[in-house]
Structures are given as C-alpha cells and as structure tokens.
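Colleague: I am new to this one. Could you walk me through how to read it?
Modeller: Gladly; let us look together.

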Amino acid sequence: TFPTLLAFGYSPVLANVSSNVGLVPGVASGAFGYRAELTGQRRRVLRLGSASVCGGLVGAILLLTLPQSAFKTIVPVLIGVAVVMVVIQPRLAAWVAARQRSRVASADAESPGAPGDAPGTGASGATSGTPRSTAVAAPVTTVAPAAEAIGGPVLWVLVFLAGIYGGYFGAAQGVLLIGMLGIALGDT
C-alpha cells in the first residue's frame, strides 16, 4: 500500500502511517487465529511484546517529530533493508530450521536412557541407530533456562530495535522478527 499511496500523490509520512494502520486488523486477526499456538506463551508474549510496543512508540514519535525531509532520506535506506531481508529470508529460514534440527539431535544424543537401559543408550533405548524391539520412543523434552525460554536481554533489545524500525517504517518487520526469534529461541 505504501508505494500505491505514494503513486496517488500522498505525502510519504501519510502513506507510511496509513499503510501501518492498515496492518493492525491483520495482525489482530492473525494473533486471534493463532491463539492455540500461543498457549503457554504468556510470559514470552508479555516480555517481548513490551519491547515491541516500547520500540514502536519510539519509532512513531521519531516519525512524527522528525521533518518529512528526514523521512524522504531514510525511507530509501529502509526499503533497501526490507528488500534485503525479504531476499535473504529463505536462506535465513533454512539456517534456522537446520539449527533447530541440530538442537533436537544434540538433545537426543544427550538424553539419558530410561532405567534399565544398557549403558550408552538414549531415551529411545537405541544404540547405533538400531531401535530395541520392546522400546517405545518417547518424545525428548529439554528444559531450557528461564531466560532462554522467554528470550534474554539481548533478544529484548533486538525486538525493541525492530519495534523502532516498525514504528518508523513497517515494511518487512515481520521477516526481521521471525528471523530474530528463530535464531534466539529453541522453539519450532
């Protein structure tokens, strides 16, 4: 919508604000639609949501207080950043998926065996990749430290900075956030 509004002659700041306001119903309906996936995420949502809201407010204040000439100068750079993020997003997603697979594999390798398992067997009761005929594979669960479970201070600052970016200019903010969360958190 941003380029379309510019093409119709609206000022860049008005086009940007209108575009961002237009995203609000989609974000709200997305959060509502994915509420089942958010079950158990209250602490994380509150912690990282506070970073995003605070950053968004800073970005919005910058947008409204800086002169339009600053916006006209900064927006091409931000569009360039957004394009780069969209272009590298598939690679970033593949890297994040590989990282998550390696976390699961290392958790499988480090899981102690069940009582009665032979030494050197994992949670599935297997050695050398050969499953025991009587064993049932149990899901491996690892307990992450509390800071990692909800995102540590570095992630909070990064989400805050992404909030500033989104409050000032919202294009590709979601790609940026998903990349940061995928790198910083161990969830799938």
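Modeller: In the protein chain, among contacts (heavy atoms within 4.5 Å) between residues at least 6 apart in sequence, 72% join residues at least 24 apart. This is a predicted model: local features need pLDDT of at least 70 and side-chain atom pairs count only at pLDDT 80 or more, while totals for chains, interfaces and linings use all residues. Residues are numbered from 1 along each chain as its sequence is written, and side-chain values use heavy atoms, leaving out hydrogens and water.

Colleague: How many helices and strands does the protein chain have?
Modeller: Helices (H or I, at least four residues) and strands (E, at least two) are DSSP runs, numbered from the N terminus. Here there are seven helices and zero strands.

Colleague: Where does helix H4 bend?
Modeller: A bend at a residue is the angle between axes fitted to the seven residues ending there and the seven starting there. Helix H4, residues 68-110, bends by about 50° at Gln89, and Pro90 is a proline that follows within four residues.

Colleague: Which residues of H4 are buried?
Modeller: Buried means under 20% relative accessible area, exposed over 50%, and partly exposed in between (1.4 Å probe, protein chains only). In H4 the buried residues include Phe71, Leu78, Met85 and Gln100. Among what covers the buried residues of H4 are helix H2 (12-33) and helix H3 (42-65).
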